[in-house]
Amino acid sequence: MKDFPRMKKLLSNIDDEMKVELSFYIENNSIPCIEGVVKLNAMVNCQRCLNKVNLRLSPSFKLGFLKNEQQGETLDSSFETILNADEAFSTIEFITDEVLISIPMSPMHPHKCQSYQDKERIKQEKHNPFAILKQLKNSHK
């Protein structure tokens with residue numbers, strides 16, 4: 001994953017590998033297409049407790065490169081399309097986009113983990129420096 005620069009900002013396991021399977025073919029005798037699936041484990045921060053959460057992602061895609069809009073009418077609706085197929089196309093950037101949009105907006109552990117605020121409140125309750133004063137006050141009554 002370290003070969004995908006935009007993933008470095010979001011994933012903490014950037015040295016791990018991901019599996020990318022791509023098929024290149026011509027659809028309807030005229031439309032170049034790429035079909036693929038990306039499989040990876042993404043370590044991101046849980047939005048509830050701020051600890052790491054491992055997400056197993058496997059985004060898949062079907063992409064058709066069109067010279068004109070009429071060609072798109074011959075493809076079924078499962079295809080994403082790119083118009084003007086003569087321009088340069090970055091496979092790494094496209095795969096990065098597919099991975100990034102497959103990460104939930106608020107990733108969280110599947111179990112109900114404590115929130116960061118709950119952890120801080122529990123710490124404060126356990127280490128109350130004035131607890132001894134409260135005990136002394138109650139003992140003098």
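Reply: The account below begins with the salt bridges and then turns to a helix, the nonpolar cores and the cysteines.

This is a predicted model, in which local features need pLDDT of at least 70 and side-chain atom pairs count only at pLDDT 80 or more, while totals for chains, interfaces and linings use all residues. Residues are numbered from 1 along each chain as its sequence is written, and side-chain values use heavy atoms, with hydrogens and water left out.

Side chains of opposite charge can pair when their charged atoms come close. A salt bridge is taken here as a side-chain nitrogen of Lys or Arg within 4 Å of a carboxyl oxygen of Asp or Glu. By this rule there are three salt bridges. Arg6, Glu93 and Asp97 are linked in a network of them. Between glutamate 93 and arginine 6, the closest N and O atoms are 3.1 Å apart. Because glutamate 93 belongs to helix H2 and arginine 6 to the segment before S1, this pair ties together parts that are 87 residues apart in sequence. Helices (H or I, at least four residues) and strands (E, at least two) are DSSP runs, numbered from the N terminus. In the salt bridge between arginine 6 and aspartate 97, the N to O distance is 2.5 Å. Aspartate 97 also lies in helix H2, so its pairing with arginine 6 joins parts 91 residues apart in sequence.

Burial is described by relative accessible area: buried means under 20%, exposed over 50%, and partly exposed in between (1.4 Å probe, protein chains only). On this scale arginine 6 is partly exposed at 33%, as are glutamate 93 at 35% and aspartate 97 at 34%. A further salt bridge joins lysine 19 to glutamate 21, with 3.3 Å between the closest N and O atoms. Lysine 19 is partly exposed at 48%, and glutamate 21 is partly exposed at 36%.

Helix H2 also holds threonine 96, which is buried at 0% relative accessibility. Contact means heavy atoms within 4.5 Å. Leaving out residues up to four places away in sequence, threonine 96 touches Phe4, Arg6 and Met7.

The interior comes next. A nonpolar core is a set of buried Ala, Val, Leu, Ile, Met, Phe, Trp, Tyr and Cys residues joined through side-chain atoms within 4.5 Å. The largest such core has 24 residues, and Leu11, Met18 and Leu40 have the most contacts inside it. Two or more residues each come from strand S2 (31–45), strand S3 (52–57), strand S4 (60–66) and helix H2 (91–102). Strand S2 gives the largest share, five residues. A second, separate core of five residues includes Ile31, Cys33, Leu66 and Leu75. Beyond its neighbours within four places in sequence, leucine 11 is in contact with Met1, Leu40, Ala42, Met43, Val44 and Ile103.

The cysteines complete the description. A disulfide is a covalent bond between the sulfur atoms of two cysteines; the criterion is a pair of cysteine sulfur atoms within 2.5 Å. A search of the whole structure finds zero disulfides. Cysteine 49 is in no disulfide, and the nearest cysteine sulfur, that of cysteine 113, is 3.8 Å away. Cysteine 49 is buried at 4% relative accessibility, and cysteine 33 is buried at 3%.
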